[in-house]
Amino acid sequence: MRDRFWERFDLEELTDEEWEALCDGCGQCCLLKFQDEASGDLAVLNVACELLDIHSCRCSDYAHRFARVPDCTQLTPERIDDFRWLPRSCAYRRVAEGRKLAAWHPLIAGGPERMHRKGISVRSFAVSQREVPEEELEEHIIAILPIDA
């Protein structure tokens, strides 16, 4: 990877390896979300995709995630504006908005533990989709995000 690529290149200029490395590994994009059809608002749950390893906050089957979870969200540089629900802490969002990576980001801190200790990741509060019956999902809403159409 190129030295400090996140500061020197636009998202569209990153290699696949650099794009993947930019992910801070927080797992927030892997939380289940429901969109209200009338308002467009997005309900975020503390329930993580069945493939998320909650301890590491990484996908347990990343290579096959789209086959196993057809509605898995694929973040790409071209679609970054579609993901206004990404948290302000997200490295993809930070770079897209011209902001620097946070000091806790694994590329700066040398690994993910600082991010986990700071409470940025879902490690401390997420539960697996495998543990929550579908009829109980609504009870797990932790935020409502207004999303402009």
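Is Asp82 buried, partly exposed or exposed? Asp82 is partly exposed, at 48% relative accessibility. Buried here means under 20% relative accessible area and exposed means over 50%, with partly exposed in between (1.4 Å probe, protein chains only).

1. Basis. This is a predicted model, in which local features need pLDDT of at least 70 and side-chain atom pairs count only at pLDDT 80 or more, while totals for chains, interfaces and linings use all residues. Residues are numbered from 1 along each chain as its sequence is written, and side-chain values use heavy atoms, with hydrogens and water left out.

2. Salt bridges. The whole structure holds 8 salt bridges, each defined as a side-chain nitrogen of Lys or Arg within 4 Å of a carboxyl oxygen of Asp or Glu. One of them pairs Asp82 with Arg79, with 3.6 Å between the closest N and O atoms. Arg79 is partly exposed, at 37% relative accessibility.

3. Glu18 and Arg2. These side chains form a salt bridge at 2.6 Å, N to O. Glu18 belongs to helix α2 (residues 16-22) and Arg2 to the segment before α1 (5-8), so the bridge ties together parts 16 residues apart in sequence. Helices (H or I, at least four residues) and strands (E, at least two) are DSSP runs, numbered from the N terminus. Glu18 is buried at 1% relative accessible area, whereas Arg2 is partly exposed at 30%.

4. Arg88 and Glu97. The closest N and O atoms of this salt bridge are 3.8 Å apart. Through shared partners, salt bridges join Arg88, Arg93, Glu97 and Arg99 into one network. Glu97 is partly exposed, with 41% relative accessibility.

5. His116. This residue sits in helix α6 (residues 113-117) and is buried, at 10% relative accessibility. Its side chain makes a polar contact with that of Arg123 at 3.4 Å. A polar contact is a pair of N or O atoms within 3.5 Å; within protein, one must be able to donate a hydrogen and the other to accept it, and residues adjacent in sequence count only if both atoms are side-chain atoms. Beyond neighbours within four places in sequence, His116 has contacts (heavy atoms within 4.5 Å) that include Gly25, His55, Cys57 and Arg123.

6. Backbone. Most residues other than glycine have a negative phi. Cys57 has a positive phi near 60 degrees; Cys57 lies in the loop between β3 (52-53) and β4 (58-59) and is buried at 4% relative accessibility. Arg4 also has a positive phi, about 45 degrees. Arg4 is in the segment before α1 and is partly exposed, with a relative accessible area of 36%.
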